[in-house]
Amino acid sequence: MPSNVQTSEVDTHKGMHHDMHYEIHGLTSPDAPTVVFSSGLGGAAKFWHPQLADFTQDYRVITYDQLGTNKSVGNLIANYSISDMANELAALLKKLEVEQCHFVGHALGGLVGLELGLTQPSLLQSLVLINAWSSPNPHTLRCFDIRKALLAADRKDMYLQLQALLLFPPDWIAANAQHLDDEEAHLINHFPDVDNLLARIGALSAFDIDDKLASISTSTLALANKDDTLVPWQRSKILADAMPNAELSVMEYGGHASSITVPETFNKLVLGYLQRIA
């Protein structure tokens with residue numbers, strides 16, 4: 001009987017660069033098209049696990065732990081900025097001899113992508129910005145003020161509970177209660193360095209490039225979720241309206257972290273965009 005099962009060799013290469021932990025998955029050829037995934041505030045390579053199986057079929061996939069998070073140990077400098085994060089990633093990609101990539105960034109990671117679009121446009125074949133923004137807005141700043149207050153009160157348990165409320169839709173939280181409890185029990189014992197976390201919150205809170213968006217000419221998909229509790233979806237519309245080669249796609253469901261809650265829909269949308277602009 002003929003088999004309709006397709007197998008693919010997935011070669012995972014892990015390494016460090018200036019204390020930056022990175023992983024390379026999928027295609028191994030040096031001239032393979034490359035997708036770089038950049039996470040939000042948590043900064044973790046493993047955030048993108050739900051994307052690996054679909055994206056590694058046709059791409060070399062690079063994920064990384066942002067500096068000062070997870071396995072990328074380091075103390076962040078004073079007045080740490082999104083520009084610093086973009087420079088750290090650019091240095092890593094240079095070391096890996098990546099001359100061009102498709103960049104997929106979630107929230108803070110999207111800000112890193114926008115910064116690269118301003119400062120190193122030749123590095124980017126495309127940008128996919130998920131629930132990102134180009135300037136502070138009052139709603140998101142309120143959410144981060146509460147996060148900072150919980151950290152100041154040393155309520156890491158409540159910080160993690162709030163994190164789920166900001167990331168996921170209510171029905172998804174209810175349906176995944178045990179999984180979230182287990183994950184939070186693990187995270188409380190592997191909580192990020194608070195000074196680094198505050199430096200990263202400071203960086204994303206200060207980011208403001210509204211007046212420069214028109215100069216980012218990279219092909220861009222601004223992907224938003226109507227039910228995002230942390231970032232109003234209209235922040236993505238601002239990006240798509242102001243950037244000359246950007247388009248907007250709004251998902252009805254998925255919350256702030258739709259790459260986790262509805263990965264099939266998310267992957268299909270992003271892969272479809274990458275194939276279209278190729």
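A residue counts as buried when its relative accessible area is under 20%. Keep that cut-off in mind as we walk through this structure, which is a predicted model.

**Helix 2**

Let's start with helix 2, residues 82-95. This helix has 14 residues, and the distance from its first C-alpha to its last is 20 Å. That is close to the 20 Å you'd expect at 1.5 Å a residue. Which residues of helix 2 are buried? They are Ile 82, Asp 84, Met 85, Ala 86, Leu 89, Ala 90, Leu 92 and Leu 93. After the helix comes Glu 97, and its phi is positive, near 60°.

Now hop over to strand 7, residues 220-225. Why is strand 7 described as largely enclosed by the rest of the structure? Because six of its six residues are buried.

In a regular strand, side chains alternate between the two faces of the sheet. Here, Thr 220, Ala 222 and Ala 224 point one way from strand 7, while Leu 221, Leu 223 and Asn 225 point the other way. Both sets are buried.

Leu 129 has Ala 222 of strand 7 as its bridge partner, and Ala 224 stands opposite Val 250 in strand 8. Ala 222 and Ala 224 are both among the residues that point one way from strand 7.

**A buried threonine**

Next up is Thr 261, which sits in helix 10, residues 258-261. Is Thr 261 buried or exposed? Its relative accessibility is 9%, so it counts as buried. What does Thr 261 touch, if you leave aside its neighbours within four places in sequence? Its contacts are then Phe 168, Pro 169, Trp 172 and Gly 254.

**The cavity**

Finally, how many cavities of 30 Å³ or more does a search of the whole structure find? The search turns up one. The largest cavity holds about 40 Å³ of space. Around the largest cavity you'll find Trp 133, Ser 135, Pro 136, Asn 137, Thr 140, Leu 141, Leu 204 and Ser 205. Helix 4 (138-152) and helix 8 (194-206) are the elements that give two or more residues to this lining. Sorted by class, the lining has four nonpolar residues, four polar ones and no charged ones.

Definitions and conventions. Residues are numbered from 1 along each chain as its sequence is written. This is a predicted model: local features need pLDDT of at least 70, side-chain atom pairs count only at pLDDT 80 or more; totals for chains, interfaces and linings use all residues. Side-chain values use heavy atoms; hydrogens and water are left out. On a 1 Å grid over the protein atoms alone, a cavity is a set of points where a 1.4 Å probe fits but cannot get out, and a pocket is an open set with protein on both sides within 12 Å along at least five of seven lines; lining residues have an atom within 4 Å of a point. Grid points are joined across faces, edges and corners, and a volume is the space filled by probe spheres set on the points. Helices (H or I, at least four residues) and strands (E, at least two) are DSSP runs, numbered from the N terminus. Ala, Val, Leu, Ile, Met, Phe, Trp, Tyr, Cys and Pro count as nonpolar, Asp, Glu, Lys and Arg as charged, and the others, Gly among them, as polar. Buried means under 20% relative accessible area, exposed over 50%, partly exposed in between (1.4 Å probe, protein chains only). Contact means heavy atoms within 4.5 Å. The expected span of a helix is 1.5 Å times one less than its number of residues. Two strands pair if DSSP finds at least two bridges between them.
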